[in-house]
Amino acid sequence: MFKRRNPRTYRQTLTEIVYPRGGFRRAATYLAYRLRRLPDQPHRIARGVAAGVFLSFSPLHGFHFIVAAVVTVLIRGNVLAAFVGTFAGNPLTTPFIALASVGLGRKLLGLPGEMTPQFIFGEFAHATAETWHNVVAWFGPGISNWNGLADFWHEIFLPYAAGGAVLGGIAALLSHMATVPLVRRYHRRREKKMAARIARLRGPTRKPEADQ
């Protein structure tokens, strides 16, 4: 009943993940619309958004929403708002987030040299494959070797985490400050519309006749 009349192909699905149909501006507008309509208090929604935005600057790729949901529960925020907040790290922004976070983190940790986004994500892919190989080796005849991950940990992951914590903290604070008035303004507008609708249903009130 709710299926598409013309199902999307795998190529269309992958394309829309990288570049949403209608563009990122339309996608951002839709997310803001959904954010305003969340049935919760403004400060709880803002906490969830801030947690999602903050985790988008972390090197935990593939686990942003899971970790953001846990953090949001701990700080008593809105989990659905956290999901919206994680969209701050999308295919368009993630390369810039990674480059800025790793660059700032290496400066904070006193590590020399600069890296490109291609190199950073290449190392992430290599580290993921090596981690999977070592985990499988625990249950099979293979030999696990964690030495190659030590360089990735010190050269990329820790700098990414340090720089992302600073940049993500700033972005989370700004998103929290922007979300609270946005949601409050929507709630006030909705209350006015509801009051006007109730007034229309009740009909015009008659003035009491003046005493003779």
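**Exercise 1.** Work out what the secondary structure of the chain comes to.

*Solution.* Count DSSP runs (helices are H or I of at least four residues, strands are E of at least two, numbered from the N terminus). You get eight helices and zero strands. Along the sequence, that reads α-α-α-α-α-α-α-α.

A quick note: this is a predicted model, where local features need pLDDT of at least 70, side-chain atom pairs count only at pLDDT 80 or more, and totals for chains, interfaces and linings use all residues. Residues are numbered from 1 along each chain as its sequence is written, and side-chain values use heavy atoms, with hydrogens and water left out.

**Exercise 2.** Find the span of helix H7 and what its buried residues pack against.

*Solution.* Start with length: H7 covers residues 117-138, 22 residues in all. From first C-alpha to last, H7 reaches 32 Å, close to the expected 32 Å (1.5 Å times one less than the number of residues). Next, pick the buried residues (under 20% relative accessible area, 1.4 Å probe, protein chains only; exposed is over 50%, partly exposed in between). Among them are Ile 120, Phe 124 and Glu 130. Finally, look across: these buried residues pack against helix H6 (94-108) and helix H8 (147-202).

**Exercise 3.** Is Val 166 buried, exposed or partly exposed?

*Solution.* First locate Val 166: it sits in helix H8. Its relative accessibility is 38%, so Val 166 counts as partly exposed. Zooming out, 29% of the chain's 212 residues count as buried.

Technical notes: Contact means heavy atoms within 4.5 Å.
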